[in-house]
Amino acid sequence: MDSRELTPEELEKKKKKDEKAKEKELKKLKAAQKAEAAKLQAQQASNAPKSGKKKNVKREAEDENPEDYIDPETSVGEKKKLSCQMAKTFNPSAVEKSWYAWWEKSKFFEADPSSSKPPFVIVLPPPNVTGALHIGHALTAAIQDTIIRWRRMSGYNTLWVPGTDHAGIATQVVVEKKIMRERKLTRHDVGRESFVAEVWKWKNEYGGTILKQLRGLGASLDWSRECFTMDEKRSRAVTEAFLRLYKAGLIYRDLRLVNWDCILRTAISDIEVDYVEIKERTPLRVPGYAKPVEFGVLTSFAYPLEGGLGEIVVATTRVETMLGDTAIAIHPEDPRYTHLHGKFAIHPFNGRRLPIVCDAVLVDMNFGTGCVKITPAHDPNDFEVGKRHNLDFINIFTDDGKINSNGGPEFVGMPRFEARVALTEALKEKALYRGDKNNEMRLGICSRTNDVVEPLIKPQWYVNCKSMAQQALDAVMDDTSRKMEIVPKQYVAEWKRWLENIRDWCVSRQLWWGHRIPAWYAKLEDDELTELGAYNDHWVVARNEEEAQKEASRIFAGKKFELSQDPDVLDTWFSAGLFPLSVLGWPDDTDDLKAFYPTSVLETGHDILFFWVARMVMLGMKLGGDVPFRKVYLHPMIRDAHGRKMSKSLGNVIDPLEVINGITLQGLHKRLEEGNLDPNELKTAKEGQVKDFPNGIPECGADALRFALVSYTAQSDKINLDIQRVVGYRQWCNKLWNAIRFAMSKLGDDYTPPTKIVPDVMPFGCKWILSVLNKAISKTVLSLESYEFSDATTAVYSWWQFQLCDVFIEVIKPYFASNDSESARRHAQDTLWVCLDNGLRLLHPFMPFVTEELWQRLPSRKDSMRKESIVICEYPSPVECWTNDNVELEMDMVESVVKSLRSLRSTLAPKERHERRAAYVRCRLNDAYNIIKSHELEITTLATSSSLEVLSESDDAPVGCKVDVVNETLSVFLKLQGNINVEAERQKLKKKMEEIEKQRDSLLKITSASGYQEKVPAHIREDNEAKLTSLFQELLSFEEASEQLERASGK
């Protein structure tokens, strides 16, 4: 039957129906995944043939040669050799073997700066050189590789640059622990030069493991451009950047408070500080202390006033810092202390006079006593008070957290938290202690060492960020000349908040592993103070010592001096901030820099939006002349299936390699035992693993893990990762495998793919699958372009699962079972080949391994040169003549009928559900009758019916049948054996009628409301009228079905 043209109204109605169907499709997708996961578990129980198999199947198995199903060995880097016969089931480890080494050797991933193709560039966020692949890296790699493979196939000159970060603190800590474990020595025992040599040795031996693991994920990185933040080129870029920023007046040295780690003896960045919320008095373990240290305690004590004026009471959570107090602040308008303006208190342990200063900014007169002790060298707020009132800044701590000589002989040498206890006792002895109480507080902990962070005043190098931050802000916020877009848009507000309130950036670290600061201190012969850095104007910044010598000779002409390089290194984020420039060869004007800067997109986690992304933008605009990337895509953070943060102590950390390769529950337990959990934590963690992974984690492969991770990206700012979803996608790979096996069996060895497809002359099913393939291609490309990766996976999955496998492959089976129509069979073959070729290319960016293996097995056209690999094939694009809305509408009707017939079948007794039965479709309208009549074969096939009779409204309804109403124009009937339970069937119809009545009444209430005609737009009123008509008609169909049941029962 020829398809009629649709009216504009029908097209509009179909459009809305498609939109509504999306939600249902997502639910269907999730249900399918769960079912696939369950099937996999069942399949894995045994691969042996069951004893109940038919004898001919057993004979076939005996005739088969098992070797035919095993891939021959392939030399590393050679194209994979495939088995003669496709294995009967998908095996991820077998499929994912060998392909990557061949892709890499074939240079499919290498970019050409002289190419005429448009560039598309991503820089991989450099993982720590110390690191191993974790689930966050896997998410990053999965998303970025999806983007890069899609763009490569879409005709772009793609470049994805790999690299690792030297990870200053993390790497130094690892090597320090190694030396202590093996040689019982500290880095100070070893000495700087030997220690740094030890770190390089460790890096060369163990570093870069993660880059090898990324290959296992299928990440198509350009390995010819692999770099390391401390290699020669990157180090030169860091030195040049520091020099240029210094000459521009943006880098300076100052004495300020920093976050200090007493174990590492270095300043640390804000991102390396974790905050613990403490509600009340809480003992905590602190590295280096035998006993737990109490936090969450507010201690009050009195300072005696000078001149016998009495005392003034203050309170603190850090009693030990009172040794560095240099003032007491009160509110200028507090009437209780007006008489103390301009007076002094006396320090009880060192006799220091502490001025009583008035400060309305810091002091809240209604909080506590209204008096605040001021320790400018050890508290950020007090630091500002010290500057406002020109107070002394007295540091009382050594770099390793002990009391120094400024703390007085009674306490010198004491570790800070032991001094806390000693000072409390000393205050009691002097009768100055006034008690303590619980106090809610936030405690800063170093994420590297678990040490309590100490605010400490230190001379450091700073970057003045104000002007660069404004540029970075304008790049995103300026509507007239926006240079960069942030996706999702919700993070634009955070970008604005950070950059509008930016503080200068401390870039020096007191470490030995890292980029040594290119600054030399000139100690002049006549200097009074000889300490390094005593005079700020004695610093010389240069590329190397030779240049520093020349510059110092110019500045200090005629004077004798000695040069010493600053022992500090630069913050790791400084070199990371230059990465998009340095990986392309900056500061040299390289071909790569000219061709590939700015890069196209930065993809990373939203947790480092400020610490890394903003700094790259600031440095890129200042030093590179433009933003480093045009778009920023921020992915969610991964949690476990229950929404909890992944933690070793909970046992819910998911190692991507364990998902790819599979692991037993015992293996998971062993990993925990090899960690450093205490016995209670280990017990809790094991219990968590037993609950979440009772049978361990089955082997899922890289493709399934990648697809699952990318599909999860719609979940806002967090991903609740359920391993069963990954298992479901692994089973789905088996579905793809079987689709190709079916195709190979039906195409035959001599099949030649068509050079051209003409849908008009094809059977209905072929027209339909090509039309919906077009829609899937359009939806996938549109979703990828708009960074809606989850929508893209849904579009690809839904087409393969619900349209190709569930419908089309079933619909064409009759053409191969009969010799009646050679033409229909040839059309079915051609359409099947086109669908698989397009479908595999459509899926390839998400699942590279299985699509390569299956695509290589497809027959190729004889008249054209086939590409070597699917990696470099063209990405599918819609073919205009394939789209056929009329055919899709007709198939919608067919599927609705099939769904109702299947629903009726599912209510039969279990033994009867698989028996073929006669089916009937009763149509109220002629158009519906004609459509259903023309698709009897498709309905019979999909509904597995023994026969199908299409009835018009004037025909009598069949008796002895179960009945269901499809919609207002169609009802279906399924023939039963024996008597029908009329009452049970009537109750089912009644329940459905009540649901329809509820919808009708709700809509009637809306349309009869006051002001409806005046307030509601005409097109919505028309839609509602059409819905009402449809609901009334559907109710009528239910009533008729109910009457037919009664007639059939003879009532």
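**View A. The hairpin of strand 10 and strand 11.** Gly307 takes a positive phi near 80° in this hairpin, which has six residues between its strands. The model is predicted, so local features need pLDDT of at least 70 and side-chain atom pairs count only at pLDDT 80 or more, while totals for chains, interfaces and linings use all residues. Residues are numbered from 1 along each chain as its sequence is written, and side-chain values use heavy atoms, with hydrogens and water left out. Helices (H or I, at least four residues) and strands (E, at least two) are DSSP runs, numbered from the N terminus.

View B. Strand 10 (residues 297–304) is largely enclosed by the rest of the structure, because six of its eight residues are buried (under 20% relative accessible area; exposed is over 50%, partly exposed in between; 1.4 Å probe, protein chains only). Pairing requires at least two DSSP bridges between two strands. With strand 11 (residues 311–316), strand 10 pairs in the antiparallel sense over six bridges, and Thr299 has Thr316 as its bridge partner. With strand 16 (residues 433–438), the antiparallel pairing of strand 10 runs over four bridges; here Lys437 is the bridge partner of Leu298.

**View C. Lys178 in helix 6.** Lys178 belongs to helix 6 (residues 168–183) and is buried, with a relative accessible area of 15%. Not counting residues up to four places away in sequence, Lys178 touches Glu198 and Trp202 (contact: heavy atoms within 4.5 Å).

**View D. The buried side of helix 30.** Ala928, Ile931 and Ile932 are buried in helix 30 (residues 926–934). These residues lie on the same side of helix 30 because they cover an arc of only 95° around the axis, taken from the directions from the helix axis to the C-beta atoms. The buried residues of helix 30 pack against elements including helix 29 (885–906) and strand 30 (918–923).
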